[in-house]
Amino acid sequence: MGNDGELDLVDVRLGARLAELRSERGWSLGELAERSGVSRSTLSRAERAEISPTASLLNRLCAVYGRTMSQLLSEVEVEPVPVMRAADQTVWTDEASGFVRRSVSPPHAGLRGELVEGRLGAGADIAYDRPPVPGLEQHIWVLDGTLEVTAQNAEHRLDAGDCLRLRVWGPTRFRCPGPVDVRYALVVVLP
């Protein structure tokens, strides 16, 4: 998204969708806090769009709701279209970690795969405590820079042109060691 007003609108729609998902399950904020490990106050503020959720927070909620981050973000879009023009692709920024995520090809009815462009600044480090969907297939192709990925207790250093293919069952970590930013394509396929 381009300007701050559009970013705020994404947060408002995202907060409403998060509240809707919780309501569909009949959970209180306290129950969701127990299931996700996120405080009631943070959950409440995210649902009311008083805060912009971090990648880590969204990952925890996606795990509880059995969705990928892209699925959740696509649910706040109006209508999926077959051709995703660059200008129409949703860009989401996690200010806390410096992670920029472009949904190049978001989830679409009848398709199991999606394509995401990720960008991390030099020194950025993001840890996910679990996959949003156990057994999620990922293909990580580094376009520029260097990316260090830890998954299944193995560390992988990927330079431009390298691709890591895996199924995600446990915690993962994405780190840009620098000295330049890293840009990568992430292909996500539901199990």
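The legends below describe several close-up views of this predicted model.

Residues are numbered from 1 along each chain as its sequence is written, and side-chain values use heavy atoms, with hydrogens and water left out. Because the model is predicted, local features need pLDDT of at least 70 and side-chain atom pairs count only at pLDDT 80 or more, while totals for chains, interfaces and linings use all residues.

**View 1. Trp-27 and Tyr-65 form a stacked aromatic pair.**
The structure holds three aromatic pairs, a term for rings of Phe, Tyr and Trp (its six-membered ring) whose centres lie within 6.5 Å, with planes under 30 degrees apart counted as stacked, over 60 as edge-to-face and the rest as tilted. In the pair shown here, Trp-27 and Tyr-65 are 5.9 Å apart from centre to centre, with 15° between the planes. Trp-27 lies in the loop between helix H1 (4-24) and helix H2 (29-36), whereas Tyr-65 belongs to helix H4 (residues 55-65), so the pair ties together parts that are 38 residues apart in sequence. Helices (H or I, at least four residues) and strands (E, at least two) are DSSP runs, numbered from the N terminus. Both Trp-27 and Tyr-65 are buried, where buried means under 20% relative accessible area, exposed over 50%, and partly exposed in between (1.4 Å probe, protein chains only).

**View 2. The charged end of Arg-25 sits over the ring of Trp-27.**
The charged end of Arg-25 is 5.9 Å from the centre of this ring; a charge sits over a ring if NZ of Lys or CZ of Arg is within 6 Å of the ring centre and within 35 degrees of the ring normal.

**View 3. Glu-47 is one of the buried residues of helix H3.**
In helix H3 (residues 40-47), the residues Leu-43, Ser-44, Ala-46 and Glu-47 are buried. They cover an arc of only 165° around the axis, which puts them on the same side of H3; the arc is that of the directions from the helix axis to the C-beta atoms. Glu-47 counts as buried because its relative accessibility is 13%. The side chain of Glu-47 also makes a polar contact with the side chain of Arg-22, at 2.8 Å. Such a contact is a pair of N or O atoms within 3.5 Å; within protein, one must be able to donate a hydrogen and the other to accept it, and residues adjacent in sequence count only if both atoms are side-chain atoms.

**View 4. Phe-174 and Tyr-184 form a stacked pair between two strands.**
The ring centres of Phe-174 and Tyr-184 are 6.0 Å apart, with 25° between the planes. Phe-174 lies in strand S9 (residues 172-175) and Tyr-184 in strand S10 (residues 182-189), 10 residues apart. Phe-174 counts as buried at 6% relative accessibility, and Tyr-184 counts as buried at 4%. Ring pairs link Tyr-128, Phe-174 and Tyr-184 into a cluster.

**View 5. Strand S9 has a covered face and an uncovered one.**
Thr-172 and Phe-174 make up the covered face, and Arg-173 and Arg-175 the uncovered one. In a regular strand the side chains alternate between the two faces of the sheet. S9 pairs in the antiparallel sense over four bridges with strand S4 (residues 125-128), and also over four bridges, again antiparallel, with strand S6 (residues 146-151); two strands pair if DSSP finds at least two bridges between them. Opposite Phe-174 stand Ile-126 and Val-149.
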